[in-house]
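Visitor: Hi, could you walk me through a few spots in this one? I'll just ask as I go.
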Amino acid sequence: MTIQADTVIIGAGLSGLYAAFLLERHGADYLLLEGRDRPGGRILGAGSYDLGPTWFWPAIQPELDAIVRDLSLPVIPQYEAGALTVERSGPPARMPGYPSYPASMRLAAGMSSLAEALRARLDPARIKLGHTVTRLHATSHAVDVHAHDREGRTHVVRASRVLLAVPPRLAHARIAFDPPLPAAWAAQWRDTPTWMAPHAKYLAVYGAAFWREQGLSGAARSARGPLAEVHDASTDQGPALFGFLGVPAAARRSAGQDELMAHCRAQLARLFGPEALTPVQEHFKDWAQDPLTATPADGIDNSAHAAAPGMTVDAGPWQDRLTGIASEWSGAFPGYLAGAVDAAANGVRWLLRGSASASPSTLPRDSA
């Protein structure tokens, strides 16, 4: 069965949600397809705690800041008062802390509250969760978007144009393009690292912020690991610490989550004292093992924000039909939350000012 929509957005992370939000404000016809059972993409919360992106910087990211304000989402500064803990080969040492500049901000209810607030402003009938896109087929009149639902059934959506709100490398690896993408474009996608894909985060929630009582900020840097970088992650839900693992993805997979979490607890105890051994909650997210985020190529730890690939094809059957709007396509903030907003806004501008296309009512209804 083939259904129709003027625009299909593939991926309901921040870029896909924001693109849908903008199209909804313009009264445009769209359908949002997401492989996960939840919106948000790489935004992932455990209550008000973040297991995905955590910060934004209002001073240099005014568009994202304006969205947060328009949605009336409470903001808290990253806690940085107190000493920094540094761990090299010997016992941990304390050094004077320093505030980040520009100031790092968090959402009081977690970044997932941003995804939830955008989703609440969309028409639920236009969002299809649990629909994984597997193929894009360009015909002479349209683009047929093939997706599998949770039961393995195939659905086809016929659209005039497609906004691709999944990372370039993931799209290259997971979606079949018929006809194939231009070789140079496909190579750019394949070689663009997916931000966060090689990383893993550990988060521990405690009954008291014992590190603050010691005059510590909760921030730490470690050459011993397994956590290479630690920060205070406290919210109204409770005091917490989180860290990025410095262990390569392949070694994490071999060690297993339980062993890694035990090592994380032991390290936090070295850094902040024995109270760290007994969190009231623990959370662990290895993005390298998330098939809707990472490919095997992302298992190589690459913490650099890559240069943005080209958003659109300027010739051939995909011209004026397909544009990339995931964060990696942002020229201003590739890989960041602000990049998702920037790329989505650019994609919607491209869509709305583009040449007139056949409306859904004039598109052929037969499946290709």
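This is a predicted model: local features need pLDDT of at least 70, side-chain atom pairs count only at pLDDT 80 or more; totals for chains, interfaces and linings use all residues.
Visitor: Is Gln78 buried or exposed?
Guide: Gln78 counts as buried, because its relative accessibility is 9% and the cut-off for buried is under 20%.
Visitor: Okay, new topic: helix α1. How many of its residues are buried?
Guide: In α1, 10 of the 12 residues are buried, so the helix is largely enclosed by the rest of the structure. Among the buried ones are Leu14, Tyr18, Phe21 and Leu22.
Visitor: What covers the buried residues of α1?
Guide: The cover includes the strands β1 (2-10), β2 (30-34) and β12 (154-164), along with the helices α2 (62-70), α3 (112-120) and α9.
Visitor: How far apart are the end C-alpha atoms of α1?
Guide: They are 16 Å apart, which agrees with the 16 Å that 12 residues should span at 1.5 Å a residue. Just after α1, Gly27 takes a positive phi of about 70 degrees.
Visitor: You mentioned α9. What span should its 17 residues have?
Guide: Helix α9 (residues 337-353) should span 24 Å at 1.5 Å a residue, and its end C-alpha atoms are 25 Å apart, which agrees.
Visitor: And how many residues of α9 are buried?
Guide: For α9 the count is 13 of the 17, so α9 is also largely enclosed by the rest of the structure.

Notes:
Residues are numbered from 1 along each chain as its sequence is written. Side-chain values use heavy atoms; hydrogens and water are left out. Buried means under 20% relative accessible area, exposed over 50%, partly exposed in between (1.4 Å probe, protein chains only). Helices (H or I, at least four residues) and strands (E, at least two) are DSSP runs, numbered from the N terminus. The expected span of a helix is 1.5 Å times one less than its number of residues. Contact means heavy atoms within 4.5 Å.
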